Amino acid sequence: MLFCCPQVAKNDMNAALNQFLYGLLQKHQITATNDIMLLHQCSVCDDNYGRKLIVFSSCCLPPSHELNHRRLLEYLKFTLDQYVEMDYILVYFHHGLRSSNKPSLKWLREAYGEFDRKYKKNLKTLYVVHPTNFIRIVWNIFKPLISHKFGKKLTYVNYLAELREHLNYEQLIIPPDVLRHDEKLRAAQKGGPPPSARTPPPRPPLPTQQFGVSLQYIREKNREALIPPVLSQTVNYLKEKGLRTEGIFRRSARVQLIKDVQKLYNLGKPVNFDEYGDVHVPAVILKTFLRELPEPLLTFRVYSQVQELLAVESSLRVSRCKQIVESLPEHNFIVTKFLLCFLHMVSQESIMNKMSPSNLACVFGVNLVWPRHGSISLSALTPINIFTEILIEHFHTVFGSRCPPTQVTP
């Protein structure tokens, strides 16, 4: 199937996989409501340091007698299989797991056995939010089977506010039940009022600020430069020294190192990536810059248009993507064209770097377009990845017609 229909079969593959998954659940006579709730309890975005973030909420699991747990395991593996080749984070919202929907210890042991080294190797952290005694008991039961290295990846999170230190909290899909439970826990705290879960008021940006400010702000503060300095410097460095690096953009870098580089950029100080001896540092910085834009590079307006892409006939999707991109404001179009030209170059070296347009789309899709509110559910991810893959693979077709006089190429 991969080889039979040039661009169509490949671009439809994620959609086909999602349909396959949906079919697995339906075969076992779960109600339509439960199917949908389950499918939407996995969401995907990036954490603050360029690692894929997968969220699973247990409060919407249907009662055990309505769910075939073998199929649930296949669903979990299907979700993880899309991301385990890159560094990733898991967030598990435990609240809502009750006796009626709690899996048996036998199933948990079977599930742990099925998640072999392939799944554990690139998992950086497993956040268990609102842990209970059940979680701790299960952990102690399985402790003899769990390696010390994997055990160090587990982090208990008692309150949602603690996640802000590590993750892009605003992009998480958090069920209302979990939010209400967190409020009750904080209100029940002894020794004073509950800690605020709100973000403190932002400080005014520095004139040299690069992260967390708009493209327009960066342009105004950098002598009308169309391509933000972070973007041009990381792309130029990677073009010279990273195009053939296997797994480029799939690996993370040390968290403190990324913070240090961001600080240098925000203070307007020079950054020499050669000093770090790791080509993954500029790769993570590039993704972090895109993710911290107040509005995605492709703008909020594009999100709904991208979500409708699955309804477009496969043979017409390239032209539809072209229409979407050409409707961008000129500055956004110029920066997008610069970035996608570079990603097209990366994909041309996929024999060496293993980063095909599809793999790059998995990494960059959620960093180019996201909704104004909330996170991206697993079902919403499919059209985003297809859209991004088309932009990369068919770069010259999508971007070739619109050529602003001020455009910049890598």
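Colleague: Why are α11 and α16 called roughly parallel to each other?

Modeller: Their axes cross at roughly 15 degrees, and angles under 35 degrees count as roughly parallel, so α11 and α16 are roughly parallel to each other. Axes are lines fitted to C-alpha atoms, for helices over the stretch in contact, with angles from 0 to 180 degrees between N-to-C directions. This is a predicted model, where local features need pLDDT of at least 70 and side-chain atom pairs count only at pLDDT 80 or more. Residues are numbered from 1 along each chain as its sequence is written.

Colleague: Which residues make the contact of α11 with α16?

Modeller: Contact means heavy atoms within 4.5 Å. From α11 come Leu231, Ser232, Val235, Leu238 and Lys239. Helix α16 (residues 330-348) brings Val335, Phe338, Leu339, Phe342 and Met345. They divide into eight nonpolar, one polar and one charged.

Colleague: What makes α11 roughly antiparallel to α13?

Modeller: The axes of α11 (residues 229-241) and α13 (residues 280-291) cross at roughly 150 degrees and come within 9 Å. Angles over 145 count as roughly antiparallel, so α11 is roughly antiparallel to α13.

Colleague: Which residues of α11 and α13 make the contact?

Modeller: Helix α11 gives Val230, Leu231, Thr234, Val235, Tyr237 and Leu238. Helix α13 gives Pro282, Ala283, Ile285, Leu286 and Phe289. By class, that is ten nonpolar, one polar and no charged residues.

Colleague: Is the crossing of α11 and α13 left-handed or right-handed?

Modeller: Left-handed. The term applies if the near helix is turned anticlockwise from the far one by less than a right angle. The crossing of α11 and α16 is left-handed too.

Terms used: Side-chain values use heavy atoms; hydrogens and water are left out. Helices (H or I, at least four residues) and strands (E, at least two) are DSSP runs, numbered from the N terminus. Angles under 35 degrees count as roughly parallel, over 145 as roughly antiparallel, 65 to 115 as roughly perpendicular and the rest as oblique. Ala, Val, Leu, Ile, Met, Phe, Trp, Tyr, Cys and Pro count as nonpolar, Asp, Glu, Lys and Arg as charged, and the others, Gly among them, as polar.
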